[in-house]
Amino acid sequence: MQLAIRAAHLIDVVTGTRTDDVTVLIEGDRIVRVGRELAVPEGTRTIDLGGATLLPGLIDVHTHLTSQSGDYYTNLFRRSPIDDAVRAPTYAKRTLEAGFTTVRDVAAPEYVDVALRDAINDGTVVGPRMAVATLAISATGGHGDLNGFSPYLHIAGVSGVADGVDEIRKRVRENIKRGADVIKVLAGAGVLSEEESAGAPQYSQEELNALVGEATMWGRKVAAHAHGTEAIKRAVIAGVASVEHGGLVDAETVRLMMTNGTFLVPDILTDVHILEHGTELGLPQKIVDKEKWLRGQQDANWTHAYKAGVKFAFGTDAGVYPHGQNAKQFSLLVTHIGMSPADVIRMATVNAAELLGWSDKVGRVAPGYYADLIAVDADPLSDVTALERVRWVMKGGIVYRD
């Protein structure tokens, strides 16, 4: 069955230009033709969006759809992965209705992300397309371990903690066995954990090399959480596909990223949210102080990387802030890093699709691509905040918000 979508405007995300009076012909879940004033076959159902502007469905490559920040100690000690699993479909639906038709979910407890992905794929749950990482791989005492508490306190469950080359290789294999599409490694310290540093490296070069080598052998890309300079550098040398956060990236590492084609995924929205809402979230002062320290350095470093030509992909760390607000990051990237609206839109479309390895099926409005489309009322090339007000969402030829 064919379907025609008509709209006053369409954003070409590759060129950053606008085409007027467009028609998109869809058959099943794919786009078959796109053009100005196309002839629509007789009997084709038509959706006329009037003066709206069409774009491809947006992509967020750093989400956590199975969780959302609340009171710090409640989340840590009073809820289980069962709570996460119950709430996850709500968060997935909010994300899709906000215009994000594809996400990369970079770590969840107890393989809840695998179950969510599969339920979306079989139509049981409404949500975006998902590439999932299962458990984040962490060093003992690292960002993914429980720090700052009594040595007699343990939380039962499957753990992503692995030390040394052999343990790391086994953890990669186990993640893939359980359904991981991508491998997430915590190459350095973090903010929302109670280890001392926010940026110190937590894996040796040998360990990271082994991790990336193992993942590559199994056909998986690696996303590396890393705030600090040395952690970023080691991850890039090891060959990760992307550095998540990367707020302390320096000139030397920027050159390495350019050489290796490594993506940078800056997530300014979460940093702003933590500083604005840390008290009501009950965050320990140590965590708030780490965030303040990082926030004072990120913009200049990200700006340098952007101007040097490092490839940026759009990732927000959704779940640290409330799900469905992902698009608030677009204007922050424009105002804090000096990016153009066209470039931030590319981050969340063609660049993100390239990082996922899905450049042939998402991120563009073109024949052969999934019929993932969104509509807004204003021109996002002039006012990027228009993407915060998505009014129509289609994924795979099905309208989920109208």
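Guide: Thr 134 sits in the loop between β8 and α4; helices here are DSSP runs of H or I with at least four residues, strands are runs of E with at least two, and both are numbered from the N terminus. The model is predicted, so local features need pLDDT of at least 70 and side-chain atom pairs count only at pLDDT 80 or more, while totals for chains, interfaces and linings use all residues. Residues are numbered from 1 along each chain as its sequence is written, and side-chain values use heavy atoms, with hydrogens and water left out.

The relative accessible area of Thr 134 is 0%, so this residue is buried (buried is under 20%, exposed over 50%, partly exposed in between, with a 1.4 Å probe and protein chains only). Leaving aside residues up to four places away in sequence, Thr 134 touches Ala 107, Ala 108, Tyr 111, Asp 113, Val 114, Asn 175, Arg 178, Gly 179 and Ala 180; contact means heavy atoms within 4.5 Å.

The loop between β7 (100-105) and α3 (112-121) also holds Glu 110. Glu 110 has a positive phi of about 55 degrees, although it is not a glycine. Glu 110 is partly exposed, because its relative accessibility is 30%. Asp 317, another non-glycine, has a positive phi of about 65 degrees. Asp 317 belongs to the loop between β13 (311-312) and α10 (328-337), and at a relative accessible area of 11% it is buried.

Leu 153 lies in the loop between β8 (129-132) and α4 (164-177). Leu 153 is partly exposed, at 34% relative accessibility. Together with Tyr 73, Phe 77 and Ile 155, Leu 153 makes a nonpolar surface patch of about 340 Å². Patch members have over 30% relative accessible area and no salt bridge; like charges are joined within 9 Å and nonpolar side chains (Val, Leu, Ile, Met, Phe, Trp, Tyr) within 5 Å. A salt bridge is a side-chain nitrogen of Lys or Arg within 4 Å of a carboxyl oxygen of Asp or Glu.

Next, the helix α7. In α7 (residues 251-260), the buried residues are Thr 253, Val 254 and Met 257. Seen down the axis of α7, these residues fall within an arc of 105 degrees, so they line one face of the helix; the arc is that of the directions from the helix axis to the C-beta atoms. On the face turned away from the buried side are the exposed residues Arg 255 and Thr 259. The buried residues of α7 pack against α6 (229-238), β11 (242-245), β12 (263-265) and α9 (285-308). After α7 comes Gly 261, with a positive phi near 70 degrees.

β11 and β12 pair in the parallel sense over 3 bridges; two strands pair if DSSP finds at least two bridges between them. Ser 242 has Phe 263 in β12 as its bridge partner. The open sheet has 5 strands in the order β9-β10-β11-β12-β13, with parallel pairing. β9 (183-186) and β13 are at its edges, each with a single partner strand, so one side of each has no neighbour in the sheet.

Finally, an antiparallel pair. β2 (residues 17-27) and β3 (residues 30-36) run antiparallel and are joined by 6 bridges. Ile 26 stands opposite Ile 31 in β3. The hairpin of β2 and β3 has 2 residues between the strands, and Gly 28 takes a positive phi near 65 degrees there.

How values were computed
Areas by Shrake-Rupley, 256 points an atom, 1.4 Å probe, with all protein chains shown as cover.
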